[in-house]
Amino acid sequence: MQAATTTSDLAIISPLFIVCAMGLVALLVAVFTPKDSFKGWLGYVVAFGFALALVAVVWLWKQAPLTLSNESLFFALSVDHFGLGLTAVILIGGLLAALTAVDYLPSQRSDHGEYYALVAFAVLGMMAMVMSADMLTFFVALELMSISVYVLAGFKRQSAFSTEAAMKYFVTGSFASALLLLGIAFTYGATGSIRFTEIAEALASPQASLPIAQFGVVMLLAAFFFKVAAAPFHMWTPDVYEGAPTSVTALMATGVKVAAFGGFARMFLTAFGDARFRTGDLPWETIIAIVAVASMFAGNLMALAQKNLKRMLAYSAIAHTGYIMLAMLAAPTSGDGTVWLGPGLIFYLLGYTLASIAAFGVASVVSGNDVEDVNEVAYAGLAKRSPAHALILAVAMLSLLGIPLTAGFIGKLTIFAEVLDGSHNEYLWIVVVAVINSIISAFYYLRVILVAYMRDEAAERPIQLVSSRSLTLAAGLAAFLTLVVGLVPSRALMASGKAGGSLADSKARAASTATVNDVHTEADAPATASAPKATKL
Amino acid sequence: MSVGELILFGIIKFIAIVFGWVMLVATVLTLMERKQSAFMQNRVGPNRAFVFGKKFPLSAFIGHLLSDALKVLVKEDFEPPRANKWLHLLGPGIAVIPAWLLWVVIPFGPGPMPGAEGDHPFLIANLNVGVLFMFAVMSLSVYGATLGAWASNSAYSLLGGLRTAAQMISYEVTLGLNLVGVFMIFGSTRLNDIIWGQGQSAWGIFLQPVGFVLFLVASIAETKRAPFDLPEAESELAAGYFTEYSSMRFAVYSLGEFIGIVAVAAVAVCCFLGGWQIPWVETPVDASGVPIYGWLTVAQIAIFLFKMVIFIWLQMQIRWTLPRFRYDQLMKLGWLYLLPLSLLNLVVTAIIMYAVR
Amino acid sequence: MEFIQIVFWLLAAGAILTSLMVVLPRGRNPLYGALALILSFFFVAGIYVLLVAHTMAILQILVYAGAIMVLFTFVIMLLNLSKRELGEESKNLAQALGVGAVAFIIIKSIIIVDASADSVGGDNLALPKGFGTIESIADQMFHRHLLSFELIAILLLVAVIGAVVLAKRTL
């Protein structure tokens, strides 16, 4: 049994608590500030909240894995290294994305305080999602994140594109949510449980109804592919990424993706991770392999044709989804069926988050006031007009491409190595495909740098944002971190490895806490209405 | 008893209670309303159909009842052209059936104490969900009004129907939330348990005074009476959602409304005015907790009826006193004042309950 | 076949039929679709009653049929779309494919569920005491799933903010 930690429950969920409180504070303050005043400072407040939560996460990391004593929290959350590590990535992404909005929103005439509250709540949903230990918490957290982001996508109310993006995202996203619910229902029908670890136990027993579980897994996969924008569920991505305000796109490309990958990776590996299922009865791994290849090709080939920077980044996001999925294929297993993850997934997500924020940050800078036309003219000759921004853009593109000395390179390398290691060359062909795709992607990533540095026919076009301090700060910070992580990846890699490895503990912990479990389930049967139960919080 | 017998018994009970008692009360109510309005407007009121001559003024009640019934039965059943035939026919039915069903969970006489085994003679079904069933059914009565209105294919009707939908949805929330305080105090949603609880401690009106006032306001709005009669505002919308209804269909609509009024009054009496409890009179029970029925039971049913009439009379008094709200005032009152106040009432109740526990 | 089973099949058939009626004849007035959906909720509530989940059945009617669908009909009646705006029925390959896919899924799921019906649940599913009562649901909601409950509170707050942000004329 896990040594009973002295950390109280409230301290363990403090990151969630802080972010939620910041959202509420931002909302209240937004109500009571004058209508036309500058609301950007709320962005700093929320970013400060994220930073605070990040500190709490780091503090908890040292004590993880933590056992929650409260009944509800015990069943709903698993605060292990995996959850905390992904939470840290989400918080970094959320922090930088919140900063990019501070100056960008006024330039789009959409400077409303509610924006920052919604960002905080979206991040709250993401954090709960990657820490969730049962389907119910998972679903509620996912909806919290999704609905916040739907609204954020339509935040530029006077723009028809933004409204269209929100509408498209909402309709297709709701459909995906319905599929997810259906998947959960089928899984529950097959196993009689909504907890990931209990599902795994139930599936291992011979009475489990695999055909029904199969149905459920397919539905869950569809929802997963939609949320991470994998082909062929990617159709919404370009329009939504292009139409949404750029600061929201930054959040979508980073936080949403990290949360979706983290949450679903935990779900699939914990609940359906048994090696018997992965390519056999519940062949989710095979499906993911096919979808990964499809995503890489769809994203990269379509990105080649894009002139608009945001649209190009949307297709590149689809391609990256394909790369990241490889990390799930590579999940190693031990003899007793325990599954865990290598460092690849989390490290790649970190690198991708940083590079995306940098790229979208520069996209916000070069997009003019009140227009959303980030085509080549916008950043042609950027190096002459604003060398710093051009440099940030270049670093971002190189990292996305995966050039050595950047985080993107290490990430790709780790994932490819993991796949080759873990699958005994079974998936060698996928790695070859991924490398080919990386080469394809060089065309469009390098073209951006080329246009920014070599072409100067629009050199007289000024950088239109009057005040872009916070934007430059966020993008610059992201680019800087990209380089730092790329140059000295060891600590981040070790942490990612620890986080991925901690997934293996969940099974052991579930077994060791079986006693707690029994007590709870016995207490669950409500004998009388009036029996109050002691809840410690 | 087998399941079949139980169901049969329930149906017989239902017919006896609803058609023998509730319908009667609702019909008498129509006359009471007319008399009351006449009194408040310094008129004489119904004074034509004396059955036994002018010496017995109350006999006009019976005469008017009979003539009203005859009138709605023999009048032309007009169906507006280009109306949606089936929905137009369905509207009054959908309006009146929920009103009948409301009575399934209302006990109008003493039953076994909470937790005691035994059949409740004055209650059709002792459901665990209790009053929630009533709310579920009540929320359906909106469809009667809105569908009938839509099917009539008339602008007046449609506006009335839309107003009904918006108003009933808005005030249903307040109506329900103010009962939650009572549920919290007595720890049950069964009206029988709540009434017993009030006999042991105090009436709901003393424990939940704010809740009672808010419930009263919301109940008037929910039964669509002045000052909340916007769905059928005569001066604006002819007759609102049933403009295009005549004869029996019209009668069914108004019957449904009156039954609804009686039902809401019954719930108010059960939750706030002690139900069939007579103050300072203990209900004798045998060892298993089932009350011993006798003359006291008759008195208790009578006092239940009396309390109900008092509550309805209060509603009528308000109806003929206050002018109609404007639509925006209605919405503002519902969402900006009543709802937050109800929530506040709940929070305060919870805090007090926690403190005195 | 037992009495309960007959009731179940009747309710299930009703639920499926009314659900189909919600979407099927395109170009028809959406109000009929809404009405069919209300009916479908009633059938589902009936199935809940068969499952001894009385409170869920009542809540299903109270929340879905009684509140949410009223708003649906409200909006449909307010818009009062004409035949022209509703559009003509269109047929194309994508639609045919969609219908085919749905039919395939339905048939497949029936086969699967039928084949594995024996392995799930069965007689050994003993209901705990007080199952389906308000008390047991409250117990689940406020003890075991408290975190989800709180998250849903935030979720609803977000939905409210979203409605205001997206729909209010001047922000």
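In this predicted model, helix α4 of chain B (residues 131-152) and helix α5 of chain B (residues 155-186) have axes that come within 7 Å and cross at roughly 170°. An angle over 145 degrees counts as roughly antiparallel, and therefore α4(B) and α5(B) are roughly antiparallel to each other. On the α4(B) side, the residues that meet α5(B) include B:Val131, B:Phe135, B:Val142 and B:Trp150. Among their partners in α5(B) are B:Leu158, B:Gly160, B:Gly161, B:Met168 and B:Leu179. Sorted by class, this contact has 10 nonpolar, 8 polar and 1 charged residues.

Helix α19 (residues 387-401) and helix α21 (residues 428-454) of chain A pack at an angle of about 170°, their axes 9 Å apart. α19(A) and α21(A) are therefore roughly antiparallel to each other. From α19(A) the contact takes residues including A:Leu393, A:Met397 and A:Leu400, and from α21(A) residues including A:Tyr445, A:Val448 and A:Ile449. The contact of α19(A) with α21(A) divides into 12 nonpolar, 1 polar and no charged residues.

The largest nonpolar core has 225 residues, and A:Ala358 and A:Leu393 touch the most other members. Leaving aside residues up to four places away in sequence, A:Ala358 touches A:Ile392, A:Val395, A:Ala396, A:Ala475, A:Ala478, A:Ala479 and A:Thr482. A second, separate core of 112 residues includes B:Ile124, B:Leu175, B:Ile259 and C:Ala57.

Next come the contacts between chains. Between chain C and chain A, 30 residues of chain C are in contact with 41 residues of chain A. On the chain C side, α5 (93-116), α6 (134-144) and α7 (146-167) each supply at least two residues, and α7(C) gives the most, with 13 residues. The side of chain C that touches chain A has 17 nonpolar, 9 polar and 4 charged residues. Chain C also touches chain B, in a contact that takes 17 residues from chain C and 18 residues from chain B. Here helix α3 of chain C (residues 54-79) provides the largest share of the chain C side, 14 residues. By class, that side has 12 nonpolar, 5 polar and no charged residues.

Some backbone details deserve a look. Most residues other than glycine have a negative phi, and most peptide bonds are trans. In chain A, the loop between α10 and α11 holds A:Ala229, and A:Pro232 lies in the loop between α10 (210-227) and α11 (236-243). A:Ala229 is not a glycine but has a positive phi of about 60°. A cis peptide bond, with omega about 0°, joins A:Ala231 and A:Pro232. In chain B, B:Asn42 also has a positive phi, near 60°, and lies in the loop between α1 (3-40) and α2 (59-74). B:Asn42 has 6 C-beta neighbours inside 10 Å, so B:Asn42 counts as exposed.

Last is the confidence of the prediction. The model scores ipTM 0.86 and pTM 0.87. Chain C averages a pLDDT of 79, and 82% of its residues score at least 70.

Notes: Residues are numbered from 1 along each chain as its sequence is written. Chains are lettered from A and ligands numbered from 1 in the order in which they are written. This is a predicted model: local features need pLDDT of at least 70, side-chain atom pairs count only at pLDDT 80 or more; totals for chains, interfaces and linings use all residues. Two residues are in contact if their C-beta atoms, placed from the backbone, lie within 7 Å. Helices (H or I, at least four residues) and strands (E, at least two) are DSSP runs, numbered from the N terminus. Ala, Val, Leu, Ile, Met, Phe, Trp, Tyr, Cys and Pro count as nonpolar, Asp, Glu, Lys and Arg as charged, and the others, Gly among them, as polar. Axes are lines fitted to C-alpha atoms, for helices over the stretch in contact, and angles run from 0 to 180 degrees between N-to-C directions. Angles under 35 degrees count as roughly parallel, over 145 as roughly antiparallel, 65 to 115 as roughly perpendicular and the rest as oblique. pLDDT is the predictor's confidence in each residue, from 0 to 100. A nonpolar core is a set of buried Ala, Val, Leu, Ile, Met, Phe, Trp, Tyr and Cys residues joined through C-beta atoms within 7 Å. A residue is buried if 20 or more other C-beta atoms lie within 10 Å of its own, exposed if 12 or fewer, and partly exposed in between; C-beta atoms are placed from the backbone.
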